[in-house]
Amino acid sequence: MLQKKLFTPRACLMIAFAFFALMVGIGTVPGKATALSSAIYDKLLHFLAYAFITALIYAGLSGTRILRGLGTILVVGVLGAIDELSQGLMPYRHANFSDWSVDMIAAMACIASIMLIHTLAIGRRKRSVRATVTRDKQRHGA
């Protein structure tokens with residue numbers, strides 16, 4: 001039976017950009033960003049939001065792991081810049097380079113984590129295949 005994927009690459013990209021639009025939209029409502037920042041540390045909010053966006057964009061891109069990682073970091077950098085520049089256009093908000101820096105740290109940490117997990121999973125899979133081959137050779141007397 002063919003299993004349908006819940007999160008296709010296209011769906012991941014759509015969710016990432018919808019989340020980004022929602023995040024920027026909430027930031028345009030006077031007082032909402034300030035209320036959120038007073039409830040949860042602003043830099044933590046940035047880190048978590050951009051790590052989530054990073055994971056979704058990475059999952060939505062195709063190509064080698066390195067190209068996907070670099071492409072994701074580039075896209076997240078642009079999105080973070082758009083976020084901060086749009087805040088600079090509002091009289092009750094201000095652009096903050098440190099927020100963008102946290103966005104980029106989140107993206108790089110997320111990509112590094114994904115790459116590490118992927119590398120460990122590949123190593124585990126290779127060890128499992130080697131063990132299976134060795135076991136089969138021993139059974140068949142080769």
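Me: Which residue forms a salt bridge with Lys-43 in which the closest N and O atoms are 2.4 Å apart?
Reply: This is a predicted model, in which local features need pLDDT of at least 70, side-chain atom pairs count only at pLDDT 80 or more, and totals for chains, interfaces and linings use all residues. Residues are numbered from 1 along each chain as its sequence is written, and side-chain values use heavy atoms, with hydrogens and water left out. A salt bridge here is a side-chain nitrogen of Lys or Arg within 4 Å of a carboxyl oxygen of Asp or Glu. At 2.4 Å between the closest N and O atoms, the partner of Lys-43 is Asp-99.

Me: How many residues apart are Lys-43 and Asp-99?
Reply: Helices are DSSP runs of H or I with at least four residues, numbered from the N terminus. Lys-43 lies in helix H3 (residues 42-60) and Asp-99 in helix H5 (residues 97-139). The pair thus links distant parts of the chain, its members being apart by 56 residues.

Me: Is Lys-43 buried or exposed?
Reply: Buried means under 20% relative accessible area, exposed over 50%, and partly exposed in between (1.4 Å probe, protein chains only). The relative accessible area of Lys-43 is 19%. Like Asp-99, Lys-43 is therefore buried.

Me: How many disulfides does a search of the whole structure find?
Reply: A disulfide is a pair of cysteine sulfur atoms within 2.5 Å. Cys-12 is buried at 6% relative accessibility, and Cys-110 is buried at 14%. The number of disulfides found is 0.

Conventions
Helix = DSSP H or I, 4+ residues; strand = E, 2+ residues; numbered from the N terminus.
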